[in-house]
Amino acid sequence: MYKKPNIKEIKTALRKKYSSSRAAIPDREHREFSDAICKNFLDSREYKEAQVVLLYLSINREVRTRSLVDTILKDGKRLALPCFQFHPLPGDQRTHGCHQ
């Protein structure tokens, strides 16, 4: 009999796996990777042609995106950032969601 996979458990396991992988990257490499990714983004045809840019603000060891905010606004583009209501899980160190 077919057992439907528990998507929530799979997503949690994947998040844990990749969070650990990102945490293992030395700070200097993480900064270099983030800078390269941001440069590629800013050099892309899609960015250059965009009037509105959807972006996330990085937390923890995600690709650092905060430097993009000033560039996007300086380039005269509209910037959209997600806003969410944050309900931390036990052990979660994040303390913010949407700032008014």
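What follows is a walk through the salt bridges, a surface patch, and the surroundings of a few residues in a predicted model. Residues are counted from 1 along each chain as its sequence is written, and side-chain values rest on heavy atoms, with hydrogens and water left out. Because the model is predicted, local features need pLDDT of at least 70 and side-chain atom pairs count only at pLDDT 80 or more, while totals for chains, interfaces and linings use all residues.

Salt bridges come up first. The term stands for a side-chain nitrogen of Lys or Arg within 4 Å of a carboxyl oxygen of Asp or Glu, and the structure holds 6 of them. One of these joins the side chains of Arg61 and Asp27, with N and O 2.6 Å apart. This pair ties together distant parts of the chain, 34 residues apart: Asp27 belongs to helix H2, whereas Arg61 sits in the loop between strand E1 (52–54) and helix H4 (66–74). Helices (H or I, at least four residues) and strands (E, at least two) are DSSP runs, numbered from the N terminus. How open to the outside are the two partners? Relative accessible area sorts residues into buried (under 20%), exposed (over 50%) and partly exposed (in between), using a 1.4 Å probe and protein chains only. Arg61 comes out as buried at 19%, and Asp27 as partly exposed at 48%.

Arg28 pairs with Glu32, their closest N and O atoms being 3.2 Å apart. Both lie in helix H2, 4 residues apart, or about one turn of the helix. Arg28 is exposed, with a relative accessible area of 58%, and Glu32 is partly exposed at 39%. Lys74 and Asp75 also form a salt bridge, this time with 3.7 Å between the closest N and O atoms. Here Lys74 is exposed at 66% and Asp75 is partly exposed at 38%.

On the surface, Ile7, Ile10, Leu14 and Tyr18 make up a nonpolar patch with about 370 Å² of accessible area together. Patches are built from residues with over 30% relative accessible area and no salt bridge, joining like charges within 9 Å and nonpolar side chains (Val, Leu, Ile, Met, Phe, Trp, Tyr) within 5 Å. The areas come from the Shrake-Rupley method with a 1.4 Å probe, and for residues only the protein chains shown count as cover. Leu14, a member of helix H1 (residues 7–23), is partly exposed at 41%.

Now to Val53, which has its place in strand E1 and is buried, with a relative accessible area of 5%. Leaving aside neighbours within four places in sequence, Val53 is in contact (heavy atoms within 4.5 Å) with several residues, among them Phe41, Tyr47 and Ile72. Leu81 is 28 residues from Val53 in sequence, yet their C-alpha atoms are 8.7 Å apart in space.

Aromatic pairs are rings of Phe, Tyr and Trp (its six-membered ring) whose centres lie within 6.5 Å; planes under 30 degrees apart count as stacked, over 60 as edge-to-face and the rest as tilted. The count comes to 1. Phe41 and Tyr47 form that tilted pair, 5.2 Å centre to centre with 55° between the planes. Tyr47 is buried at 4%, while Phe41 is partly exposed at 29%.
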